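Trainee: I'd like to go through this one with you, contact by contact. Can we start once it is on the screen?

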Amino acid sequence: MRLRPLLFSALAAALALAVPGKAAGDVAFGYLLNRSGNANYDYLETIFPNSFASSLASQYMMTVLRPASVDERFRKRGMELKKLYSVDELAQAAGIAGADYFITGSFLPLPGNRIEIRLSVCGRKTMEVFSFTSTERMEAEIFRLVDRVTRVLAAYLRGDGLYKARAVPAGTRIAFITNVSGEELNRFYIPFLEQGFPVLCAQNNDIEALTASGHFAAFRYVTTKTGSLEPCGDARNVRFYHGPWNNSRFDERVKETRDFFREFDLAYAGTKEKALERMARGFGGSADVLMIVGFSRDRRASWVRAVDMKDRSLLLMLSIQQPDSLFDDPVAAIAGMIAADLPTAPGGAPAR
């Protein structure tokens with residue numbers, strides 16, 4: 001890879017995109033860690049976030065803070081802006097940055113003139129972290145790469161948590177899990193069938209325990225190889241105290257609790273992967289997409305999470321606020337909105 005032409009193109013892109021516009025958001029950028037170990041790529045640790053920030057500011061009218069400005073805020077607190085943060089550290093970092101969103105991440109050059117970029121977006125108000133991985137072609141005109149990644153960022157920041165990896169064509173076989181009743185479930189399926197999506201029976205009409213459970217909202221959080229949404233904060237800072245006062249029963253409970261956290265927190269990605277594999281085997285390979293749809297109690301709002309069952313990648317995150325109509329069945333109407341949007345490509349022309 002020729003670094004000098006790429007550097008000049010990157011600098012030109014960052015300057016060309018730095019056009020003032022009306023603020024539509026408040027976003028702070030940290031650095032992007034170079035995971036290659038090759039110091040020849042270190043300059044991109046600053047070039048990438050500066051370019052993403054300039055693109056958001058010029059094309060999407062967002063108020064941005066670049067790493068240098070964010071670092072100044074950290075230094076005033078006697079701290080230094082790090083190149084990489086864990087999920088449980090992001091909440092504090094976002095608070096110090098002082099923006100609605102704090103974005104950090106890493107990159108890894110790959111063979112074939114490609115590059116893997118991982119970004120994590122921490123919402124300071126929601127206390128949630130959206131992370132996604134994008135593998136792009138490393139072009140001499142870096143603004144093309146920056147534009148593709150920025151579209152994903154802008155869609156999420158401006159679209160109430162929207163992420164869409166690709167269009168889902170008619171004929172895609174979808175397995176649904178949702179929290180509506182059996183009677184509502186029949187009405188929910190119809191718009192997808194009308195749009196040409198085969199519906200697989202992942203949820204029968206009689207699983208009242210699932211639909212009535214207050215734990216269904218936990219499905220909002222999703223973890224895959226290419227994207228995730230999870231809460232941030234200090235919930236992971238759990239301590240298991242041990243001393244001479246412990247007996248064998250106490251030690252056994254500590255071990256059970258430690259194993260629980262290991263399986264469903266530290267190793268949760270692997271646990272989710274195994275669950276999806278079991279589900280795929282259960283469907284005999286006939287499910288293309290697993291879609292989880294959560295409705296509010298009045299059914300007039302919903303959120304969607306979809307996973308590609310072939311490669312276990314994150315396919316879709318979406319929130320829908322049902323139009324205020326006294327005549328439409330909200331379950332069928334929301335299902336119709338989701339079904340109609342699936343075949344459309346993500347992104348589109350940048351807002352100006």
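Trainee: Which residues does Tyr 163 touch, not counting residues up to four places away in sequence?

Mentor: Tyr 163 touches Phe 130, Phe 132, Val 152, Leu 314, Leu 315, Leu 316 and Met 317, where contact means heavy atoms within 4.5 Å. Keep in mind that this is a predicted model, in which local features need pLDDT of at least 70 and side-chain atom pairs count only at pLDDT 80 or more, while totals for chains, interfaces and linings use all residues. Residues are numbered from 1 along each chain as its sequence is written, and side-chain values use heavy atoms, with hydrogens and water left out.

Trainee: Where does Tyr 163 lie, and is Tyr 163 buried or exposed?

Mentor: Tyr 163 lies in strand 6; helices (H or I, at least four residues) and strands (E, at least two) are DSSP runs, numbered from the N terminus. Tyr 163 has a relative accessibility of 8% and so counts as buried, given that buried means under 20% relative accessible area, exposed over 50% and partly exposed in between, with a 1.4 Å probe and protein chains only.

Trainee: How many aromatic pairs does the structure hold?

Mentor: There are 15 aromatic pairs, counting rings of Phe, Tyr and Trp (its six-membered ring) whose centres lie within 6.5 Å, with planes under 30 degrees apart called stacked, over 60 edge-to-face and the rest tilted. One of them joins Phe 132 and Tyr 163, whose ring centres are 6.4 Å apart and whose planes are at 35°, so this pair is tilted. That pair links distant parts of the chain, since Phe 132 is in strand 5 (residues 128-137) and Tyr 163 in strand 6 (residues 163-164), 31 residues apart. Phe 132 is buried as well, at a relative accessible area of 3%.

Trainee: And what about the rings of Phe 176 and Tyr 189?

Mentor: Their centres are 6.0 Å apart and their planes at 45°, so that pair is tilted too. Phe 176 belongs to strand 7 (residues 174-178) and Tyr 189 to helix 6 (residues 182-194), so the pair ties together parts that are 13 residues apart in sequence. Both of these residues are buried, and ring pairs link Phe 176, Phe 188, Tyr 189, Phe 192 and Phe 295 into a cluster.

Trainee: Switching to helices, how do helix 6 and helix 10 cross?

Mentor: The axes of helix 6 and helix 10 (residues 330-341) come within 8 Å and cross at roughly 30°, the axes being lines fitted to C-alpha atoms, for helices over the stretch in contact, with angles running from 0 to 180 degrees between N-to-C directions. That makes helix 6 roughly parallel to helix 10, because angles under 35 degrees count as roughly parallel, over 145 as roughly antiparallel, 65 to 115 as roughly perpendicular and the rest as oblique. Among the residues making the contact are Phe 188 and Phe 192 of helix 6 and Ala 335 and Gly 336 of helix 10.

Trainee: At what angle do helix 2 and helix 5 pack?

Mentor: Helix 2 (residues 44-60) and helix 5 (residues 142-158) pack at about 60°, with their axes 9 Å apart, and are therefore oblique to each other. Their contact includes Phe 48 and Phe 52 of helix 2 and Leu 145 and Val 149 of helix 5.

Trainee: Which residues is Val 289 in contact with, leaving aside its neighbours within four places in sequence?

Mentor: Val 289, which is found in strand 11 (residues 289-295), is in contact with Thr 172, Arg 173, Ile 174, Ala 175, Ala 306, Val 307, Met 309 and Leu 315. Val 289 is buried, with a relative accessible area of 1%.
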